[in-house]
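User: I have a structure here that I have not seen before. Can you walk me through it?

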Protein chains: 2
Amino acid sequence: MTAPTIQGIRAAADRIAPHAKRTPVMTSRTFDQMTGATLFFKCENFQRVGAFKFRGACNAVFSLTDAEAARGVATHSSGNHAQALALAAQLRGIRAHIVMPQNAPDVKRAAVEAYGGIITLCEPTLEARESTTARIIEETGATLIHPYNDYRIIAGQATVALELHEEIDALDFVIAPVGGGGLLSGTALATAALRPNATVIGSEPTGADDAYRSLQEGAIVPSLNPKTIADGLLTSLGEKAFPIIRDHVREIVTVDDEAIVAAMRLVWERIKIIVEPSAAVPVAAALSGRVDLAGKRVGIILSGGNVDLTRLPWTP
Amino acid sequence: MTAPTIQGIRAAADRIAPHAKRTPVMTSRTFDQMTGATLFFKCENFQRVGAFKFRGACNAVFSLTDAEAARGVATHSSGNHAQALALAAQLRGIRAHIVMPQNAPDVKRAAVEAYGGIITLCEPTLEARESTTARIIEETGATLIHPYNDYRIIAGQATVALELHEEIDALDFVIAPVGGGGLLSGTALATAALRPNATVIGSEPTGADDAYRSLQEGAIVPSLNPKTIADGLLTSLGEKAFPIIRDHVREIVTVDDEAIVAAMRLVWERIKIIVEPSAAVPVAAALSGRVDLAGKRVGIILSGGNVDLTRLPWTP
């Protein structure tokens, strides 16, 4: 398989259309005044399961042949991808095997179970997660759906930017967060095809800046002990996303946790919507002044809104 | 003056159109499943200054003659109306005199000042607020803009329901919160004109149930020591709103603070938007089971989203 074309992205959009939300685009006078730009916030926090991850998972699950689908899907994740895959599988009426570490919060396990996911717990190491997943796949014949290193996932995530460009014309910039790179690479592919004049910027926490360093080095530099409040962006850049990002993303802007929390709080206060720390990363990048956005039309992808409301980062 | 007609409400809509946001209507599978109804949430939390109050204030300010406007406007309020009036006056380029009690939180004073409002502090009693306001009006010739007991305000608040009915057809119910009654009476007037088959329901905190008791008695029963987390609904029903509500609202559903907080949290978690406790009151009413909504199309007016994010009601 090769990287998704715009035809592949449009096919993904058609495939997920019966299931995914076409999320709204919001604007904010406050943020426009702060940046001197016109910002368009694509609200994937309103997506099903509360994150863009549903798009990729849904595209992957509905891309399977009936014979493949009958054997189910599997992944290891304790984050939004786990819920997304469980829901996508439920909608297709097939099994989703989700491998989670024993120390995953109860609330995350409950969410996956609420969507009918079949959870297998394992030791909280990457090795245990991978070996447990491999065993389940061997036993069941399930198809592995990786959270980001998969062209079906990238094509699904690319539908966020597809919708954004369909709704908002003549964007000069699109800023997306980068963790494993599924969303950023999809954003880059859709933007290159639909609005080649626009510049795509990645945004990444300083404490998990492997994508930034990978672009500097010209080769993947894995994250070692990443540490950031933006827990959706701890993963290292995937092999499939890297060349797409290298070829189509102008730069990665890094922002520290203080800036991420401030941006998150400002979105809550001024736009009155709930975004998770990872979603505030491109907002923090836009506010950082590191890219000259004055007078420009800027798309910002708010990736998700799953937050523990009893533990907010600005309260002690 | 008499109560606003639908022509008056449409005139208000035209008057505020250059300034107010046309707020979106959101839906939620979770809430539909919980109620068995199809709910349409009209998001006034996204309105300017974060609440529907801007509509009424804007309509009142832009209804003034140039001679009246030149002498400014005045009100006593420490809530959303104060910010709303300050912004509306700023947009018309006139003075807004805002009388606030000395013990009003700094954050509310700062918000009014940010919109150019001229604050006069007074003793925290109703008498002091009224006498201070009267003195300012005598000295300046400013026009009093009452937060709710004013037909220009009622016509402005009615534009919320006007937009809701324009966007969502065939509603069976509309549920709005009631404090002073500006929003509920406006909702009732717009609904009676545009969708006479729909039933309008008021919703009120148990700890501030003067509208409920007023409808029972057939006459205004003022609030005595009201106590509720829904601080936007502490005021007593106004004289101008009362007959409109009596004639056009089927019932007032009361909900206690526990139900209000639970509904508020559910909106944050599932719709991913920020609403203040007062805005959660109609949601709690819809979830209460006290009105049979099964199979019905129900409009819910989310009145505002101004919350102190460092003190959430579900955290100790």
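Analyst: To begin with, this is a predicted model. Chain B superposes on chain A by a rotation of 180° with 0.0 Å of shift along the axis, at an RMSD of 0.0 Å. That is how a two-fold axis relates two copies.

User: Which C-alpha of chain B is nearest the axis?

Analyst: That of Ile273(B), which is 2.1 Å from the axis.

User: Let's go inside one chain. What does the domain assignment of chain A give?

Analyst: Domain 1 covers 6–51 + 150–302, and domain 2 covers 54–144. Their C-alpha centres lie 25 Å apart. Between them, 20 residues of domain 1 of chain A are in contact with 14 residues of domain 2 of chain A.

User: Which element gives the most to the domain 1 side?

Analyst: H8(A), with seven residues. The elements of chain A that give two or more residues to that side are helix H1 (6–16) and helix H8 (151–167). By class, the domain 1 side has eight nonpolar, eight polar and four charged residues.

User: New topic. How many residues does the largest nonpolar core have?

Analyst: The largest nonpolar core has 204 residues, and Leu85(A) and Leu85(B) have the most contacts inside it. In soluble globular proteins, nonpolar side chains tend to be buried together.

User: What does Leu85(A) touch?

Analyst: Leaving out residues up to four places away in sequence, Leu85(A) touches Ala57(A), Val73(A), Thr75(A), Ala96(A), Ile98(A) and Ile145(A).

User: Over to chain B. How many of the 11 residues of helix H3 are buried?

Analyst: Nine of the 11 residues of H3(B), which spans residues 53–63, are buried, so this helix is largely enclosed by the rest of the structure. The buried residues include Lys53(B), Arg55(B) and Asn59(B), along with Phe54(B) and Val61(B).

User: What covers them?

Analyst: The cover includes helix H1 (6–16), strand E3 (73–76), helix H5 (80–92), H8 and H9 of chain B.

User: And which residues are buried in helix H11 of chain B?

Analyst: In H11(B), residues 241–248, the buried ones are Ala241(B), Phe242(B), Ile244(B), Ile245(B) and His248(B). Viewed down the helix axis, the buried residues of H11(B) fall within an arc of 165°, so they line one face. The face turned away from that buried side carries the exposed residues Pro243(B) and Asp247(B).

User: What does the buried side of H11(B) pack against?

Analyst: The buried residues of H11(B) pack against helix H8 (151–167), helix H9 (182–194), strand E8 (199–205) and helix H10 (210–217) of chain B.

User: Is Asn225(A) buried or exposed?

Analyst: Asn225(A) counts as exposed, because it has 7 C-beta neighbours inside 10 Å.

User: And what is the phi of Ala170(B)?

Analyst: Ala170(B) has a positive phi of about 55° although it is not a glycine. Ala170(B) lies in the loop between H8 and strand E7 (173–177) of chain B. With 10 other C-beta atoms within 10 Å, Ala170(B) is exposed.

Terms used
Residues numbered from 1 in each chain as written. Chains lettered and ligands numbered in written order. Predicted model: local features only at pLDDT ≥ 70, side-chain atom pairs only at ≥ 80, totals over all residues. Least-squares fit on C-alpha atoms with pLDDT ≥ 70 in both. Core = buried A, V, L, I, M, F, W, Y, C linked by C-beta atoms within 7 Å. Buried ≥ 20, exposed ≤ 12 C-beta atoms within 10 Å, placed from the backbone. Contact = placed C-beta atoms within 7 Å. Domains from an automatic or database assignment. Helix = DSSP H or I, 4+ residues; strand = E, 2+ residues; numbered from the N terminus. Nonpolar A, V, L, I, M, F, W, Y, C, P; charged D, E, K, R; others polar. Arc of directions from axis to C-beta.
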